[in-house]
Amino acid sequence: MEKREKEYRQVLPVPMYPQDYNIWSVLKNCIGKELSKITMPVVFNEPLSFLQRLTEYMEYAHLLRLASQQPNPISRMQYVIGFAVSALASNWERLGKPFNPLLGETFELEREEFRIICEQVSHHPPISAFHAEHEDDWTFHGSIHPKLKYWGKTVEIQPKGTVTVEFPKLNEAYTWSNVQCCVHNIIVGKLWMEQCGNMEIINHSTGHRAHLTFKTAGSNNKDLHRVEGYICDEDKQKLFFIYGKWTEFIKCTEYVNYEEYCKECSQKSKKEEPRSKSPNDSPCHASKKVLQKLNSLKVSPFKSISVQGSVDDVNLPEASDVPRSDSTYSMDIPNSITIWQVKPRPLHSGDYYQFTEFAMSLNEMEQDMEKYLCPTDSRLRPDIRKLEQGDMDGAASEKTRLEEKQRCANKYRKSKKEMSGHQNGSNMISTLSLNRKTGFILENTGLDNIKIIQTFSEIF
Ligand code: CLR
């Protein structure tokens, strides 16, 4: 019998509450501070926990299966690159703040291409750990400690932590760290975000590496969302050129094709337009190296190539210091293959926190789920559920209640830790006893008096 694909919800129960609050009014007192300790009003939130947001890394998990099926390490690396970049695509235009997970909160999800379990393993600093896998094809695991720093006009987010992909059948492991993310226009204008910095993906078994640069928007925003780099072997020999945008696609071509292409472009332009504008004025998206090569010729290498319509065209903020689309020009090097292409956002994404279709489904209570979900699962958080249903006041009061409850639990744990001396002091329930059947934490107060402190799983 043909297996019918399971259908998930396409929208949230209600559209989002219009957000015309000024984030500056909250942040003006926080310059230079680590933001994880600041409680933010719920109007800045999106109805997902950070654990669910992390799960969005998995949207294009099929790329890991494809990688695991490739016979050679370079094609495997190409798909791993595709996966690493695609993992960031859902961040485009997503400026709501996910809820901070409570200590011990979990989130699990099973889909055709993967299953994943995430857990908040530390509250201060906030650290989320995850493990995902698909049959015996691959595993993907790691932990993320997002460090938010506020610098006046921008918020800088460093997702600290390393992630690892393993192909057990091939005995191969790849690692990388995610690039930093900047949210601009905190004081005035419309918020916008970019991912920038370098990402190095290492195949620890063969020594192949991918060096990727996530570019800053740059002058005229010509490099908005651009990612460029190469794959090299253990001798640092460049084999493949990688290019694209983290919001749209990733392509690759043999490095020689890229060099050839650059040469041809410059010769062509030399013949046709010997006195063109300087590369800095023209909407050209070549890498620095290419620009250096072309600098003497003073031409734009990509004049003739245009791409119609791109995600950058729509919904761009209007303030003057905000990115403008660069989509009329795009690199397209002959003999390239597309490793990854983004799925378009659903029609009414703008009314639903700019969620992707995948994000829309993450907080859904699927059939019979209440029977098997862990009681610590993000889907059971009342504050997130209330925000999702458009009940702002309810969400705000639940959020406050949970934060107080967590503070209380922390205090209690701390005092227990101090009382019990050093013995296993760091383990959250080690000084207490846990009844695994009932999930109750029991405290023996001496005097044969056993007190129920908190149910093990009752964090919401
Ligand atoms: C980006 C991709 C990284 C993991 C990661 C960590 C923290 C996330 C960030 C991602 C995206 C942006 C983010 C951030 C936490 C808060 C911030 C959701 C997913 C939002 C946009 C903050 C909005 C409010 C500020 C303007 C105060 O691999």
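How many cavities of 30 Å³ or more does the count come to? The count comes to three. This is a predicted model.

**Helices α3 and α4**
- Helix α3 spans residues 62–69, and helix α4 spans residues 73–86.
- Their axes come within 8 Å and cross at roughly 170 degrees.
- That angle makes α3 roughly antiparallel to α4, because angles over 145 degrees count as such.
- On the α3 side, the residues that meet α4 are L63, L64, L66 and A67.
- On the α4 side, R76, Y79, V80, G82, F83 and S86 meet α3.
- Seven nonpolar, two polar and one charged residues make up this contact.

**Aromatic pairs**
- The structure holds 15 aromatic pairs.
- F83 belongs to helix α4, and F140 to strand β6 (residues 138–151).
- The pair therefore ties together parts that are 57 residues apart in sequence.
- F83 is also one of the α4 residues that meet α3.

**The second largest pocket**
- This pocket holds about 700 Å³ of space.
- Its lining has 22 residues, and E5, Y8, R111, E112 and K343 lie nearest the centre.
- Two elements, β3 (106–111) and α7 (357–361), each give two or more residues to the lining.
- The most comes from α7, with three residues.
- By class, the lining of the second largest pocket divides into 13 charged, six nonpolar and three polar residues.

**The second largest cavity**
- The volume of the second largest cavity is about 70 Å³.
- Its lining includes E59, Y60, A89 and S90.
- Also in that lining are V342, K343, P344, R345 and P346, along with T356 and E357.
- Five of the lining residues are nonpolar, two are polar and four are charged.
- K343 lines this cavity and is also among the residues nearest the centre of the second largest pocket.

**Around P382**
- P382 is found in helix α9 (residues 382–388).
- A395 is 13 residues from P382 in sequence.
- In space, the two are 7.3 Å apart, C-alpha to C-alpha.
- Leaving aside neighbours within four places in sequence, P382 is in contact with E398, R401, L402 and F460.

Technical notes:
Residues numbered from 1 in each chain as written. Predicted model: local features only at pLDDT ≥ 70, side-chain atom pairs only at ≥ 80, totals over all residues. Heavy atoms only, no water. Axes fitted to C-alpha atoms, helices over the stretch in contact; angles between N-to-C directions. Helix = DSSP H or I, 4+ residues; strand = E, 2+ residues; numbered from the N terminus. Parallel < 35°, antiparallel > 145°, perpendicular 65-115°, else oblique. Contact = heavy atoms within 4.5 Å. Nonpolar A, V, L, I, M, F, W, Y, C, P; charged D, E, K, R; others polar. 1 Å grid on protein atoms, 1.4 Å probe; cavity = no way out; pocket = protein on both sides within 12 Å on 5 of 7 lines; lining within 4 Å. Points joined across faces, edges and corners; volume = space filled by probe spheres on them. Phe/Tyr/Trp six-rings, centres within 6.5 Å; stacked < 30°, edge-to-face > 60°.
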